[in-house]
Structures are given as C-alpha cells and as structure tokens.
Amino acid sequence: MQLTQRAKHVDRHPMTWIERLYFWNILKGMLITLRHLFKRKATINFPEQKRSFSSVFRGLHVLNRDEEGRERCTACGLCAVACPAEAITMEAAERLPGEEQLYREEKYAAKYEINMLRCIFCGLCEEACPKDAIYLSQTFAPSNYSRKGFIYKKDDMLIPNPLTEPETYKKALGERPAKMIGNQ
Amino acid sequence: MTTTDNDIISELKNKFGEAILMAQPTKDEFPTVWVDAAHIAEVLKYLKNEISRPYKMLYDLTAIDEQAKVHKVHQDSKFTIVYLLLSFDRNNFIRIKVPLSSDKPSVTSITKIWPAANWYEREVYDMFGVNFEGHPHLRRILMPGTWKGHPLQKCHPARATEMGPFQLPEDKQDEEQDMLKFKPEEWGLSKSNNDEEFMFLNLGPQHPGTHGVLRLVLQLDGESIVNVVPDIGFHHRGAEKMGERQSWHTYIPYTDRVEYLGGVMNNFPYVMCVEKLAGIQIPDRAKVIRIMLSELFRISSHLVWYGTFAQDLGMMTPVFLTFYDREKLFGIVEAITGDRMHPNWFRIGGVAQDLPNGWEKMVKDFLDYFPKRLKEYDKMVMRNNIFKARTVGIGVYTTEEAIEWGVTGAGLRATGFEWDFRKKQPYSGYEQFEFDIPTAQNGDCYDRAVVRVEEMRQSLRIIKQCLDNMPEGPYKSDHPATTPPIKKYTMIHIETLINHFLNVTWGPVIPAGEAFVGVEATKGHNGYYLTSDGSTGSYRTRIRTPSFPHMQFVPEISKGYTIADLLAILGSVDYVLSDVDR
Ligand code: SF4
Ligand code: SF4
C-alpha cells in the first residue's frame, strides 16, 4: 500500500455571494429543520418503549445457576477483589448434607451484596469469576427511594430456577449464553 | 539507548560538566538525565534556545515523591522534579530530572523560560508541596485553597475513609467561600485604568458555555476582555492518586473517565505504557481492533464538539443531529464493548473480548451513512455566513505561540504545522494505515473547526482500512502478565486455576522501571508516565492531558476580544474539564 505522508490543506475557499446572503442562511437552516420533521423520529417513548441492548451490554448483575438449578457461586471472593469500586461483599457458608440440590459447590455464598451506587458496571467481576456465576445483564439500574434500596441482596440478583420456572429463567438469561461462549 | 541519545547526553556533559549528575536508561528509551538543582535553569535554557535542533516545547512538568520507593535511581532524592521536553526537529523527547533531598524542597521556577511552566509548577506545588523560587503566583491550582497537606505525597491518605467524615459547619463554609472570592490584587490585576473602572465578572463555574465546571474570572473594559483568570480544579478527582492505590489491571476503568468523551482513547496510552514496562508484544488483531475503536471514538468526540460548538455560536439544530450520529456510533461501541461512554475495554496484553459476530455490517453501515451527514453539516455549519462571521479571525495564534504554550492536536495543526503523533511517532501499527494530516493556515477558531471536520473524514478512511484488513488471530497476548489471562486456558486444572487466581487478585507484577507513552487523542496528545517499583500497582501515575495546557493558553488568545468571542474561543479549543483537572 502506498502511504501518503502528506498533509492535507483543508478547504477554505471564500463563500459565494448567495452563501453570504443573511436571509438565505436563515431560510436554509429552516429548510433543513423542516425536512427533518418528515423523517423517522430518532427518539423512543421511554419508559413505555424500551430500546434493545446489545448482548454484551453491562447492566445489572445476575447470579447464575447451572442446568440443574443449583447456584454456581462458590464464594471464592475473586469478584470482590477484582472490583475496582469495592462494591461487592459476601459471606461464605459450607454446604450441609442434603443441600446438594441447592448449591453446586461445597462452599457457597450465604450472603452476597452489591452496592449499585458504588458499582461502575465495568464488568471486571464477570471476567474474574472462575465459575460463570455472575454476569451483567441487559437491564440497567432502576430508580429507588433510599440508599439502602440500592444495595442488592442475593435474592435480588439470583436468576430464577430453570427447572421450576423455565420461562422466567430464559427471559432473565437473555442472549447471554452466546456472549459466554464468545468469552471463553 | 540509541546513538543520538548518547550524543545529546554527552553534549550536555561536555557543556555542563558536574551539573549533569547521571544518565538513566528507561523503558521508553527517551534520553533521561539527572541535573543538579542549582543548574536546572541554565540547562533548560540551553536546550530550548541554544542547542542545534532545539527542544522547543515544554511537554510536561511533574514530580515524584521518592520516599516510599524501593528501587531508587538517585539515592538521596526525596522529591524528583521531572521535565519532559519535545523537539520537533529531532522528533524526540528528552527527560530531565532534578533530585531534591531537603525536607522543604525548593527549586528555581522556569516560568521565565517557558511561560507554560506556570500552571505545571503550581500543580507540583499543590500536589507535592515543592516551592518554586521566582514563580509569579505560586498557589494551589487543583485543590481548594483551604486544603491541608499535599495529596500526591506518599504520606497523604488516598481514601476519604482514612480522613474521617466530611463536615461543613458554618464557619468552615464561610472560610471556603472567602477563599473563592476573587481578589484582583492577588493576581496583579489593576481595578481600573486611567479613565475607567474595570468590571470583574465570573463566568462559571456553572455556565453552559464553559462546557463543565470551569470558572473564568473576566477583567472587562466595557464588553472587551482585558484579562482572563481561569480557576480550575472543580472537576478534580485525584485520578493520579488512585493510580497508586489500584492494581495495574483495576485502574483501567478509571482511565476511561479522565477524558470522558474519548472512551478507549484513554485506555490506549495506559495499557501501552504498562505493556512497554512489562515487555508484552500485542497480537496484530488486537492492535487493529484498538485502532478501529479509537478512531470510532475520535469521531464520536468530534461530533460532540461539532454540535456544541455550533450551539455556542447560536445554532440549535446541529447539536441534535450530531448527537443522533453519535448515538449510532454508540450502538457499535455497545455491541463491541458492552458499554457506551466508559467502555473499559482494553486490557494489558490485548482487548477484553473478540469482536462480536456481525460487527462488520455495523461498521460498514456507519461508513456508508456518515459521509452524507458530514456533507450536510458542512452546508449547515461550516459554510454558514453567521458561523463564519463569528469564527474567522477570532482567537488567532501562530505555530510558534502554540509550541511555546504546549498546544498539541487540532489546535496545533490549524496553525499550518503538520504534526500528528500517529504519523510522526506511530504506535500500535498506525504506520501501516493510509490517511492524511489535515492542516489549515490561520490558526483561528474557524481553522480549528475545519481541521476537526476533516479529521473525521480521515478517521473514516482508517476505519475502512481496519474493516477491510482485520487480521485473524488472538485478541490477547499469551504473555504471563496479560490480565486476565485468556479464560480458555485458565480453568483446565489446578495449576491454571491458581494462575487465574493470582492474576485476578493481585494482578501482574510489573518489573521496576519507568516509561511514557502518549497517543494522538481526540483533544491533543495524551500520555501516561508510569513508574513501577516492581510491584502489583503503579508507584506513580502521571497523566499528561492535552486540555491542561490548552486551558492555560485561553487567556492569551482571548485578550482584546469580546465575551461572545470568548465563547467561540472556548468552543474551538475543545477541552473537557475532566481532562483539565484529572
Ligand atoms: S461470583 Fe464467582 S467470583 Fe464471585 S465469589 Fe462467586 S464464584 Fe467467586
Ligand atoms: S461491575 Fe465492576 S464495579 Fe460493578 S460490581 Fe462488578 S467489578 Fe464491581
């Protein structure tokens, strides 16, 4: 390829007399505005309508389950240390006999909180997780009345159980599987 | 070090003898010399005015608190002042370091040599407590005047939680307010001339025309501007201090926010600098992806400037149209990175993810769509009589003045000087792309605007070439310091899992050393100067942003114009307050 190492002088040629007419300029501006009246609208009526998000959009977090409906998180804490905003706190607990249906690993997160006011939705927690247990979904933070309301508990983020509620599970999962495969 | 570097170092040694303490090899291979504090002014004067192929631009001036450092280069230095000069004739930098070993560090001010040193020295005083003898107004610039301590000293806490809860009782509020009161005498401004009293007017901190929290105190004679005193620091968030607290990896999201219109353009110099320190080679695909994303963001940032600039001059429509186009760009950015303004998407050793399926179509659609719009904007804005009347011949400066004051980017090219770091010091493979450097002739507001408009077209050319020639291959390097390592390799067995754990928790350990890497960002030349002390985080993170010197230059080019012209000048300079204050 031939490289151009040259500078390009920008166009500064003087205006024609038509261009210099004051009212013509006003009229021209008006015409452009008028034309746009008949074009497709660029905006949507939020919140009645919602725009679609890309499959990798980094919105609110979801705590994932495996195919058998068991929580994937093993409370290793990697997400919490990777978080630049220090938004994640958790408490680990040991799985008891009989709870194998609930938790995938022998250790699980008894408490898992994310402070959405601190979170910057950077996605580093998702990148850090060795269990595919947390991901950022295609929703974004709703409003709330109190600061406390922004501290999301485990129940607020846990994905519905695919065995008992397959429909809502699917919806919550969104287009995520495609992204996760892309991520591997 | 190359031979030319040795030349300049031996030349300095011959000339100044004992005053040149030592030369230091650095990872960026800039010639780096330590100079005795007593002779710094002479040495800098020599480099600027007397040497052949001189170093005309004071590119950066900063300091390092060496007191907590393990791998010291100069054993006695407590504070090191770092001058970075740029020579256009040599197309190279030189770094001069001055060790200060006293507890009350002090050094000669170089404002007499470079007027642009004024703000830089104030910043060093503010952040490190270093005194500059002979400085005209040595006072805080970023922190509030009532602040106790100097934030970038190692003994200063890095977190609000270490400083106790914030309180604002009435007397403190009064004190703060009193501090903000503008006293013309303090700035050496007279209150009146022979026959008239001047008016002092606050423009900002909350004013739509200042594009952010910026306060300009105007000294007015009727409507014409006698002088301007910018008061900055309202947007200061301590980005440099945070760099010392975060790990190498978890600092990347913070860089996004330094110049928030540039998105990945901020990740770019930072990750390249870390890669230089660690010696990581980047796969070709990652390089081209980085370039493509950066150019998309260049267009996006220029669109914001275009619309708001036109709006500053009284046109309401363009801003809606340019923001609509920007929204289209954000569609692409969101599909690729997952976020819009803060993509946090470059990683040490590559990028976060591969490009998604179907990216080609999105990019191609934009390439087809956008040139038409640019043409429409040309008709609507650039060739509009009123727009021209308000910008042609306003805020003029020459190439020499621009260099004197540290101006880079479109503001420099508008004076007719063909200088683009993508061409002159290519990085990340820019040398393989075909594009032109738009230049104008007069260095006025209008010329800065045409240069930016043309730059958008050139960016489209670059993106087109990325689209046509995107290399196959990995998007991340397999170097051990790549963070996070490619997941495919991490969860195979316990060894790789341990590796993943170490890499994600502490992150990579970067060998001790220092480097500076800059890129031709949207607003000018943006660079990161990182010092590693051989640990998991940066010892000193210096962010050299273009908007800082540009803002310092505003008073010089506004004198004698009216307030309405000042708004045209501010718009044409194209700064972001987060980029000024960091
Ligand atoms: S979400 Fe993932 S990274 Fe976080 S504690 Fe659970 S398993 Fe570990
Ligand atoms: S998205 Fe980023 S800031 Fe938010 S919880 Fe995850 S790591 Fe922390």
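## Helix 16 of chain B

Helix 16 of chain B (residues 494-505) has 12 residues and reaches 16 Å from its first C-alpha to its last, close to the 16 Å expected at 1.5 Å a residue, where the expected span is 1.5 Å times one less than the number of residues. Helices (H or I, at least four residues) and strands (E, at least two) are DSSP runs numbered from the N terminus. This is a predicted model, in which local features need pLDDT of at least 70 and side-chain atom pairs count only at pLDDT 80 or more, while totals for chains, interfaces and linings use all residues. Residues are numbered from 1 along each chain as its sequence is written, and chains are lettered from A and ligands numbered from 1 in the order in which they are written.

The buried residues of this helix are H500(B), N503(B) and V504(B), a residue being buried if 20 or more other C-beta atoms, placed from the backbone, lie within 10 Å of its own, exposed if 12 or fewer, and partly exposed in between. They cover an arc of only 95° around the axis, which puts them on the same side of helix 16 of chain B; the arc is that of the directions from the helix axis to the C-beta atoms. The face turned away from this buried side carries the exposed residues I494(B), E495(B) and I498(B). The buried residues pack against helix 3 (78-82) and helix 4 (124-128) of chain A, with contact meaning C-beta atoms, placed from the backbone, within 7 Å. Just after the helix, G507(B) takes a positive phi of about 80°.

## Ligand shells

Around ligand 1 there are 14 residues, of which C73(A), C76(A), L78(A), C79(A) and C129(A) come nearest; a residue is near if its C-beta atom, placed from the backbone, lies within 6 Å. Around ligand 2 there are 13 residues, and C83(A), A85(A), C119(A), C122(A) and C125(A) come nearest.

## Strand pairing

In chain A, 3 strands form an open antiparallel sheet in the order 3-4-6, pairing being counted if DSSP finds at least two bridges between two strands. Strand 3 (88-94) and strand 6 (151-152) of chain A stand at the edges, each with a single partner strand, so one side of each is left without a neighbour in the sheet. Strands 3 and 4 (residues 107-115) of chain A pair over 7 bridges, and A92(A) stands opposite A109(A) in strand 4.

Key:
Two residues are in contact if their C-beta atoms, placed from the backbone, lie within 7 Å.
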